[in-house]
Amino acid sequence: DPQQIELTTASKRKLRRFIVIDEVVDKLYGSKVREYFKENNVQHKILALPTTEETKSMDLVLNILHEVQNFSLDRRTEPIIAIGGGVCLDIVGLAASLYRRRTPYIRVPTTLLSYVDASVGAKNGVNFLQCKNKLGGYTPPVASFLDRSFIQSIPRRHISNGLGEILKMALMKHKGLFDLLKDHGKYLLDTKFQSCNGFADHGDAALQTTRIAIETMLEELAPNLWEDDLDRLVDFGHLISPELEMRVLPSLMHGEAVNVDMAFMTYVAHARGLLDAEEKEQILQCMRGLELPVWHSGCSWALIQRALRERLKHSGGQPRMPLPTGLGVAEIFNDTSEETLERAYELWVRD
């Protein structure tokens, strides 16, 4: 907005920004961030924190809020900036929503998972009593700044982890995205989602993949931002994974736990006759090609039963189970029998 820019530049008051950055990201990019604010004559406070699934708690939120209060932040004109992975963006989003009832914040995702998942939508939260994201709210950021160059510095496993959430959208909504992952998965892992010249066979697979993943996610989230409708295709891979992820911390990352859930649900879809044997195999082969786990010893039958019972409590007494009905198409089911689930589990474990 040119008028806003004019007002800002004409103002005698110095620009001020409060930034929360993941401590690992700070080691890699902190000097560039500080240099940027210094060059632009912005008074700033940078708070580097360990933002992991194990530290994702109200304690860390309160720590941030103490520092925000000391900085004397003006909630109308000085948005908090979060730079990090999904956990960092979730924690800062919750802190911003609490400070003076709502302070604007900006998301800058630095991992593939947060780039295609946490950067989109309104949700934020922290873990509580060993339950994933038990405390939180719905406060969208004023902006998300997406820069894939951050992804080149993350380990290969973290890129595979992000591919789990991209595959979720491919299986639920977009056959073209599934084909991109199937055909270019190894290349995307090898090049760390950077757009590389001289690879004509792959086109700009990184740009296409991330763009389609975000667009399909927005299609699902935008009309239902506050989750008034509990029938959500984006819940695929999220029926069992919250329980599994918290049980086996830190052995599974979020996208990996989601993929284990999706692999089991692929067997459920096959057991119900929604997928034929070839489609089931294509999905599992794609998962393996993306270097994602298709099974985990912690995902016992007892854990699955417990997770689905928990699901019923929070989804209006219905399982609301998203299942693929082909490659890139899906529906939500409420009538999957215990017998079908158990048969799918036995086949999954056997394979």
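A salt bridge is defined here as a side-chain nitrogen of Lys or Arg within 4 Å of a carboxyl oxygen of Asp or Glu. By this rule the count comes to 28 salt bridges. The model is predicted: local features need pLDDT of at least 70, side-chain atom pairs count only at pLDDT 80 or more, and totals for chains, interfaces and linings use all residues. Residues are numbered from 1 along each chain as its sequence is written, and side-chain values use heavy atoms, with hydrogens and water left out.

One of the salt bridges joins aspartate 235 to arginine 232, at 3.0 Å from N to O. Burial was assigned from relative accessible area (buried under 20%, exposed over 50%, partly exposed in between; 1.4 Å probe, protein chains only). Aspartate 235 is buried, at 11% relative accessibility. Arginine 232 is buried too, at 9%.

A second pair lies in helix α9. Helices are DSSP runs of H or I with at least four residues, and are numbered from the N terminus. Arginine 247 forms a salt bridge with glutamate 243, and their closest N and O atoms are 3.5 Å apart. The two residues are 4 apart in helix α9, so about one helical turn separates them. Arginine 247 is exposed, at 54% relative accessibility. Glutamate 243, at 18%, counts as buried.

Lysine 280 is buried, with 7% relative accessibility. Elsewhere, salt bridges that share partners join Lys123, Glu227, Arg232, Asp235 and Arg311 into one network.

Helix packing was examined for α9 (residues 241-248) and α10 (residues 254-271), whose axes come within 9 Å and cross at roughly 130 degrees. Axes are lines fitted to C-alpha atoms over the stretch in contact, and angles run from 0 to 180 degrees between N-to-C directions. Angles under 35 degrees count as roughly parallel, over 145 as roughly antiparallel, 65 to 115 as roughly perpendicular and the rest as oblique. The two helices α9 and α10 are therefore oblique to each other. Contact (heavy atoms within 4.5 Å) involves Ser241, Leu244 and Glu245 of α9, and His254, Ala257, Val258, Val260 and Asp261 of α10. By class, this contact has 4 nonpolar, 2 polar and 2 charged residues. Ala, Val, Leu, Ile, Met, Phe, Trp, Tyr, Cys and Pro count as nonpolar, Asp, Glu, Lys and Arg as charged, and the others, Gly among them, as polar.
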